[in-house]
Amino acid sequence: MVHELRNQPFRGLYLAYQLFTTTLLRYPLWVLLALPRSWRPRASWSLGRCLKVRLIRHLSGVNDKVVLSPSHTNHLAIPNDNNAGEKALWIDPAPELIHGELLNWASITGVTPIRIPGYWIERRGVDMAVGAPLQPGEKILYRLHGGGYVGLSAHPSDPSTAISRDLMHFCAPFKRTFAIEYRLSKAAPYVPANPFPAALFDALAGYSYLVNSAGFRPEDIVVEGDSAGGNLALALVRYLVESQESPCVPAPPGGMILLSPWTDISVSHETTDSSMLSSIGSDTLGTGLNGRAAYPKLAFLGALGLSAAESNAYISPASLHLRCSFKNFPRTFVCAGGAEMFVDQIRTLVARMAGDMGEGAGMGQVVYYEASDGVHVYPAFDFHEPERSETYRAIAQWVAAEQ
């Protein structure tokens with residue numbers, strides 16, 4: 001069971017135990033085990049990187065037991081603080097965009113459109129009014145955050161916002177990022193809430209705001225998604241592409257950036273020789289996403305169940321049990337780490353996209369960048385150099401190629 005020790009006094013006792021054993025026993029042992037390069041997950045890794053990856057993976061396992069730092073931001077409210085300020089606003093739902101199978105899936109899982117918070121995040125030194133017109137050469141970055149559909153936040157104070165800030169730093173056309181606080185999914189031991197397609201409803205509302213309320217042209221919007229956010233970005237773009245016959249649905253964005261996207265929520269890539277198992281020791285994720293009973297999967301799928309993950313292109317576009325088209329998708333940059341658990345499913349996704357879109361650096365094509373020693377969403381970690389900066393520079397070149 002997930003978070004089984006979340007309540008006191010068990011939480012306090014467990015955290016005290018972890019602090020004592022990790023400081024006095026585990027960490028010294030990790031140092032000894034990583035001293036010989038041949039014993040490290042990657043021989044090219046420094047001792048410092050080995051220890052940081054090991055610690056992040058361990059803390060991920062602790063979080064599965066107790067929830068280390070519960071988020072104080074969610075879709076229900078806009079915090080009254082200086083981080084958001086006047087750059088926060090409520091985004092109205094867009095029920096007029098929802099039709100077809102999406103309505104059917106929502107009726108099964110009990111999901112309806114609601115209003116959600118949205119946040120504008122600007123490059124250092126930039127100060128624009130909310131929804132201000134584009135400056136010459138500017139592109140809007142529309143970010144969908146990761147977190148397995150059960151964690152993290154779009155709020156500017158969330159650590160994952162570093163991805164937006166880094167993309168704006170390296171990519172001259174990005175002066176502003178718009179991020180939505182989409183609904184996070186829950187399952188037992190909590191009251192089940194917000195399964196698929198809740199996040200997709202919210203992503204559609206955010207995109208509708210950018211196009212229909214703020215007045216940005218779709219071709220001037222680049223959707224970025226990392227991890228589960230990459231899964232959501234793919235679902236959003238698929239819906240826009242497949243719904244162009246509907247007069248209310250706006251055109252797809254001008255491009256997508258996918259950082260270590262979670263592309264197979266089924267278990268089709270969880271074979272004995274796959275990276276989902278072989279890379280557990282070299283990644284930051286741990287085992288929390290493996291298997292049919294993984295909490296993020298159960299929470300996100302809800303009443304649709306794992307069978308939907310096997311066969312639904314909006315949920316698992318890289319599932320080995322289905323074949324879906326990527327024709328008419330916008331130009332896309334995909335990156336992955338060779339040391340991460342998702343790398344096999346990301347390669348499957350890229351092969352499918354390249355087969356339908358063409359591979360290369362031009363318009364309407366998919367570009368794949370793999371850092372051989374990178375972990376999951378490695379560009380988010382400032383210690384992951386030089387891969388981090390090299391990847392952001394590659395993205396900057398890709399963005400500039402469209403200008």
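Analyst: Let's start at Thr-263, which, once you set aside its neighbours within four places in sequence, is in contact (heavy atoms within 4.5 Å) with Asn-231, Leu-234, Ser-316, Pro-317, Ala-318, Ser-319, Gln-345, Ile-346 and Leu-349. Before going on, keep in mind that this is a predicted model, where local features need pLDDT of at least 70 and side-chain atom pairs count only at pLDDT 80 or more, while totals for chains, interfaces and linings use all residues. Numbering runs from 1 along each chain as its sequence is written, and side-chain values use heavy atoms, leaving out hydrogens and water.

Thr-263 sits in the loop between E6 and helix H7 (275-278); these labels are DSSP runs numbered from the N terminus, with helices (H or I) of at least four residues and strands (E) of at least two. Thr-263 counts as buried because its relative accessible area is 0%, where buried means under 20%, exposed over 50% and partly exposed in between (1.4 Å probe, protein chains only). Helix H6 (residues 228-242) is mostly covered too, with 14 of its 15 residues buried.

Now for the sheet. Its 8 strands are ordered E1-E2-E4-E3-E5-E6-E7-E8, the sheet is open and the pairing is mixed; strands pair when DSSP finds at least two bridges between them. At the edges are E1 (88-91) and E8 (366-371), each pairing on one side only. On average, neighbouring strands are turned by 20° against each other, direction ignored. Zooming in, E3 (residues 139-144) runs parallel to E4 (residues 174-180) over 5 bridges, and Lys-139 is found opposite Phe-174 of E4.

H10 (residues 343-357) touches E6, E7 (331-337) and E8, and makes about 155° with E8. Those angles, from 0 to 180 degrees, are between N-to-C directions of lines fitted to C-alpha atoms, for helices over the stretch in contact.

The rings are worth a look as well: the whole structure holds 19 aromatic pairs, meaning Phe, Tyr or Trp rings (the six-membered one for Trp) with centres within 6.5 Å, called stacked under 30 degrees between planes, edge-to-face over 60 and tilted otherwise. One of them is Trp-105 with Tyr-314, edge-to-face at 5.5 Å centre to centre and 65° between the planes. That pair joins distant parts of the chain, 209 residues apart: Trp-105 is in helix H3 (residues 101-109), and Tyr-314 is in the loop between H9 (305-311) and E7. Trp-105 is buried at 14% relative accessibility, and Tyr-314 is buried at 9%. Both belong to a cluster of linked rings that also takes in Tyr-149, Tyr-182, Phe-196, Tyr-239 and Phe-300.

Some rings have a charge over them, with NZ of Lys or CZ of Arg within 6 Å of the ring centre and within 35 degrees of the ring normal. Arg-331 lies over the face of Trp-398 at 4.3 Å from the ring centre, and the charged end of Arg-6 sits 5.1 Å from the centre of the Tyr-190 ring.

Last stop: Ala-396, in helix H11 (residues 387-400). Ala-396 is buried at 18% relative accessible area, and beyond its neighbours within four places in sequence, Ala-396 contacts Phe-170 and Cys-171.
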